[in-house]
Amino acid sequence: MSVQEYLEKHLLSRKIEEAVNAAVRAKAPDPVLFISTHMRRAAPAVITSVRARQILDSRGEPAVEVALHTNKAVHRASAAAADAPEGTAADATRDAEKRKLLARAVADAVQVINDKVSEALVGMDPQQQAQIDQAIMDLDKAHHKDGIGMNAMLAVSIAACKAGSAEKEVPLYKHIADLVGKSATTLPVPAITVINGGTHAGNRLPIQEIMILPVGAKNFEEAMQMGSETYHHLKDIISEKYGPDSYNIGEDGGFAPNISSISEGLDLVIVAIDRAGYNGRIKLAIDVAATDFCIGKKYDLEFKFAEKSGQGFKTADDMIEIYSQLCSEYPLVSIEQPFDKDDWEHSKKFTTLELCQVVGDDLLMSDPDRIKRAVNEYTCNALVLKANQVGTVMEALEVVKQAKDAHWGVMVSHRSGDTDDSFIADLAVGAAAGQIKAGAPCRGECLTKYNQLLRIEEELGSDGVYAGGNWRTAASSS
């Protein structure tokens, strides 16, 4: 197509005239800049290429970053390549050669994006998220999502979502709210990691995380202030009790003192909350990650002990008693993955006690079919949404809708071994999730999410509503 043919096809002479007249009407101080901006908006955005590269995540392991090019700008996104539970589709496509970087190279996924995915998306409107995500999914012929890799699919989908919001000239969270079909946005209550254990730390604590929820804050900014102050008081308390070499941190930024019981950890946090002056305003949550220490049908609470007492093996009914006692003795309002990923029976038995929010992680794997079963059987009452277990933005929003329709709580979550992409902050606000789990107020990959939420709250001003005491119902009431 010649230049003249292009000009005639796109009516550029008329559009230039309209831009000049608009500059005159606006009395633009810089007419050239005004006309340039006006013309840029007049031309519709289209995807021109999608390029991927291998970057490193917070563990120093390979992850996928995508640069989605339009005729107007470049939009980048990355997604964590954390492992999915055994028996599920791979979170990322890996090279077969085990001797490559930590046996976790993502070069194959990069090549698939640069070749197949880019070709499929070129020419598409970045505002059409549903069509883009469908085009990505159509490339997965077996529908197992291991041909491209869910983290690779998600990175492309997020980059497209960012491009769509830029073309609409609205914030990313607002664009996500539009995709959901809701006008309301909610600032989530942060589930802030303060102590790490399980497979995420080298101490003897069997559970993976102890978290604090500043439900009594008046806004998100105060929530983070409360969380940060409590976190630093906890550091001092650990140092005083166990020595200055005891406050090293785990993979999510939580402290990892060499404690061996859940109650010992909760006691430390209670003292920190008291010292910070936030009694009654901060609740507690734990992520048990029980699949990690389930052996057969029993749970080994001493799975990290060098020498076992023989008293650490507990039945599922024993675990229910332990959780029930913890809920009665502490302001414990949320327990994530209290049983093995396939122990539907005891998860249901505990959930029906209505003692706290019971969050499905490995039990659900953000999978629509497993969520449907859990809703029908009342096996839990909240979803932890890990978007890279789903595949694309629209699929993630559908999963959120499933949980909302069931009047569940929704906790949007980061991944251990995450990247510095802050997308889940906008996702939590746009989807009005009510809860977000992004690690400790420490480590860059965690803070990038929390800091983005601070910016969003500032931008929303008086329109910004902090979930606060409605942290469990925000998802279903929006």
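The crossing of α5 and α6 is right-handed. For handedness, picture the near helix against the far one: turned anticlockwise by less than a right angle is left-handed, and clockwise is right-handed. A word on the model before I go on. This is a predicted model, where local features need pLDDT of at least 70, side-chain atom pairs count only at pLDDT 80 or more, and totals for chains, interfaces and linings use all residues. Residues are numbered from 1 along each chain as its sequence is written, and side-chain values use heavy atoms, leaving out hydrogens and water.

Names next. Helices (H or I, at least four residues) and strands (E, at least two) are DSSP runs, numbered from the N terminus.

Back to the helices. α5 covers residues 129-138 and α6 covers residues 150-168. They pack at an angle of about 160°, axes 10 Å apart. Axes are lines fitted to C-alpha atoms, for helices over the stretch in contact, and angles run from 0 to 180 degrees between N-to-C directions. So α5 and α6 are roughly antiparallel. The cut-offs: under 35 degrees is roughly parallel, over 145 roughly antiparallel, 65 to 115 roughly perpendicular, and the rest oblique.

Which residues of α5 and α6 meet? On the α5 side, Gln129, Ile132, Asp133, Ile136 and Met137. On the α6 side, Met153, Val156, Ser157, Ala160 and Cys161. Contact here means heavy atoms within 4.5 Å. By class, that is 7 nonpolar, 2 polar and 1 charged residues. Ala, Val, Leu, Ile, Met, Phe, Trp, Tyr, Cys and Pro count as nonpolar; Asp, Glu, Lys and Arg as charged; the others, Gly among them, as polar.

α5 has another partner, helix α13, residues 393-405. Their angle is about 105°, with axes 8 Å apart. That makes α5 roughly perpendicular to α13. Gln129, Ala130, Asp133 and Met137 in α5 meet Val393, Met394 and Glu395 in α13.

The α6 side includes Cys161 and Lys168; the α7 side includes Leu172 and Leu179. This contact has 4 nonpolar, 3 polar and 3 charged residues.

Now the strands. What order do the 8 strands of the closed barrel follow? They run β5-β6-β7-β11-β12-β13-β14-β15, with mixed pairing. The twist averages 25° from one strand to the next. Two strands pair if DSSP finds at least two bridges between them. β7 and β11, residues 332-336, pair in the parallel sense over 4 bridges. Asp287 has Glu336 in β11 as its bridge partner. Helix α9, residues 262-276, packs on this sheet, touching β5, β6 and β7. Helix α8, residues 220-242, lies across β5 and β6, at about 10° to β5.

There is also an open sheet of 3 strands, β8-β9-β10, with antiparallel pairing. Its edge strands are β8 and β10, each pairing on one side only. Helix α10, residues 316-329, touches β9 and β10 and makes about 90° with β10.

Last, aromatics. Rings of Phe, Tyr and Trp (its six-membered ring) pair if their centres lie within 6.5 Å; planes under 30 degrees apart are stacked, over 60 edge-to-face, and the rest tilted. The count is 7 aromatic pairs. One of them is Phe293 with Phe303, stacked, 5.5 Å centre to centre and 20° between the planes.
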